Structures are given as C-alpha cells and as structure tokens.
Amino acid sequence: MTEFLLTRQLAERGLSTYDLERLLRTNRLERVRRGAYALPMVSDAEFETRHRRLVLATVPQLEPGAVVSHGSAAVLHRLPIRPERLRRVHVTRPRSGGGQRRSVVHVHVAPFDSVQLAIVDGVPVTSLARTVLDLGRSLPMHEAVAIGDHALRSGLDPAELAIGLEGMRSWPGVRAARRSCDFLDPRSESPAESTSRVRFFEQGIPTPDLQYEVFDEGGALLARSDFCWEERRTLGEFDGKVKYGRLLRPGQSSEDVVFAEKLREDALRDRGWQVVRWTWSELDHPEAICDRLRRAFDRSARLVGVVAPIIAPAGRIQLRALST
C-alpha cells in the first residue's frame, strides 16, 4: 500500500464501502481526511508529524496552481511552529481574491513567482524566505522571530528576505514582517531564546549579547550563557528540561547536571555576575522576568558602581546589516 490512498484508488482495488468501514473499525486503516486514508500512526506522534501527514494527504486533492504555504510550509521546512497554527492545511493560490477557510484547508490568495517556490518532500511549497515573510505578516512578533531565527541558522540568506519585503510593499501585514525581520539574529539557538529577546524588547530591557562566554582567571571557559548584559554584569539563562538532557554525559543523571549547574552559577556569582533564570511558562508573563532582571541590574550597580541607566530603549538589528 502507498503512503496515502484516495477513495477512488481503494475502489479501483476492489474495496467496497463495507470493506473500507471494516478496515477503519479494526484500526487497520485510518482516515487522514475526507477522501484520503493511510495506515494508522502511533498514538504519541508529534503534532508536526501529524500535520505533515495531513498536508501530504491534502495536496493530491488541491486545484492546480495551489502551493503549500504559511504554517504548513513551516512544517515541511522543519521550522518551529505552534500547534494552534496547524488546525488546517494552509495553501496559497496566485489570485486577487477568493481566499477562504474550509474545514481542512485555509486558502490564502497572493501572487508568487518561481523564485518564491520550492519542492519539499515532493510537495510544491513556498520557499524558505517566502514562508518566513508570510508568517511574519500574520503571526505575533515573538512567534515570527523564533521562525526567522531558525531559518537563518538553517542557512537562509537575509538578502532573500530583503528582496521579498521589497515586493510586498503594499501587502497586508508587511510592516509587522519588516519589524520581525529587522529583529532576527541567528545566534538565538531555540524558540525560547528568540521569544525571550522579543519579550525583553517589549518590556524595555536593553538588548543583550547572545551566547556569551565567561572565562576564569586562568583563561579556561567557565560558562556560556544564553544572554549577557556585560555593562550590568548580569547573565540570563532560559531553563528548560531539554537543555539539561543535552548536557548529560555517559553515566550522569539529571540530578548530577543540575548540581553541576549550581556549582557553575556559584562560581559566576563569586566573580561578580548576577544570574537570572526563567522557564517557558514565565515567558507568557514576561513582566516578572524583567522585574528580576531590573533588580539584578540594580544589585550589580550597587556592587560595582555602574551608573549607566538601568532601562534603555531596546535597539533593533537592521535587516541591511544582516545582509553584510
């Protein structure tokens, strides 16, 4: 059996409606969407895997000229996208009107040319740059930046974003896309780090340096921190379970890693650094994180006599600078 079978293909193989219902009832076949069937998936499959399956089942039923786009294109390009953005398969048609939302498919209408198209997993899809820009026009800034940062780390040329934006001058949402593109930084190593940067910007926290390395007196690497405000002697760390898993060495437990992190943090504080940590859930309420950062800036100022303003407007990384 091929990965997907349409109703007409099952009929051509001699399966009746009764046969199809029996296969579905006994979990030997799964209805992926109306008119498309496949072998059942494991129950704990990730949402991206399930959406990719829905995309592949939908493409054969699309009208000619439609291409996979937006959140569905993000899945095919392996970009980070939230589950709530994947309730439907997103496609774009090169028309001036006729966009609509159906039960399974969300149809967008917008022009595109061959440069803005790609083939991924055998499926016609918007290019990596076009996908980033479409999502930049339609998603909140923190989600768009997380997607764009990942795309840059994957090798996307920022010049492609600049060219794409030029062709979208009068399009809905282009100002939001431009703002997100100006903010991109491939040094952000995870969606959590990208989201944190945007939250700092929104709360008026100064722009941090990223992936900052701290060395001891002998020149040995003591720590590599997600965020650093060097003038304020403050380090910021996103605290995630996955992160600790990556730090595990053969024979180590998670408790060993947490204890080693505590020793490292103690050594940083001994050298005059303030350390602030936060988790995913706290990013939904960034005021608390930023209040802790401000208190850390204050403590550092009292300890080392820093007289720079505690809060300054967050700067933006200009897209043209990324292109150099």
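Tutor: Happy to! Let's begin with α9, residues 191-203: this helix has 13 residues and reaches 18 Å from its first C-alpha to its last, close to the 18 Å expected at 1.5 Å a residue. The expected span is 1.5 Å times one less than the number of residues. Helices here are DSSP runs of H or I with at least four residues, strands are runs of E with at least two, and both are numbered from the N terminus.

Before we go on, please keep in mind that this is a predicted model, in which local features need pLDDT of at least 70 and side-chain atom pairs count only at pLDDT 80 or more, while totals for chains, interfaces and linings use all residues. Residues are numbered from 1 along each chain as its sequence is written, and side-chain values use heavy atoms, with hydrogens and water left out.

Back to α9. Its buried residues are A192, E193, S194, T195, S196, R197, V198, R199 and F200. Buried means under 20% relative accessible area, exposed means over 50%, and partly exposed is in between, using a 1.4 Å probe and protein chains only. After the helix comes G204, with a positive phi near 80 degrees.

S190 counts as buried because its relative accessibility is 18%. The C-alpha atoms of S190 and I147 are 9.5 Å apart, although 43 residues separate them along the chain.

Now for the cavity. Searching the whole structure turns up one cavity of 30 Å³ or more, and the largest cavity holds about 40 Å³ of space. A cavity is a set of points, on a 1 Å grid over the protein atoms alone, where a 1.4 Å probe fits but cannot get out; lining residues have an atom within 4 Å of a point. Grid points are joined across faces, edges and corners, and the volume is the space filled by probe spheres set on the points.

Which residues line it? They are V132, L133, G136, A144, G148, A177, S180, C181 and L184. At least two lining residues come from each of α5 (128-138), α6 (141-153) and α8 (174-183). By class, the lining has six nonpolar, three polar and no charged residues. Ala, Val, Leu, Ile, Met, Phe, Trp, Tyr, Cys and Pro count as nonpolar, Asp, Glu, Lys and Arg as charged, and the others, Gly among them, as polar.

Next, have a look at α7, residues 158-166, where P158, L161, G164 and L165 are buried. These four lie on the same side of α7 because they cover an arc of only 115 degrees around the axis. At the start of α7, a side-chain oxygen of D157 comes to within 2.9 Å of the backbone nitrogen of A159.

Most residues other than glycine have a negative phi. H70 is not a glycine, yet has a positive phi of about 50 degrees. H70 sits in helix α4 and counts as buried, at 6% relative accessibility. R233, also not a glycine, has a positive phi of about 50 degrees. R233 belongs to the loop between β11 (221-229) and β12 (234-238) and is partly exposed, with a relative accessible area of 25%.

Conventions: Arc of directions from axis to C-beta. Polar contact = N/O pair within 3.5 Å; in protein donor to acceptor, adjacent residues only side chain to side chain. 1 Å grid on protein atoms, 1.4 Å probe; cavity = no way out; pocket = protein on both sides within 12 Å on 5 of 7 lines; lining within 4 Å.
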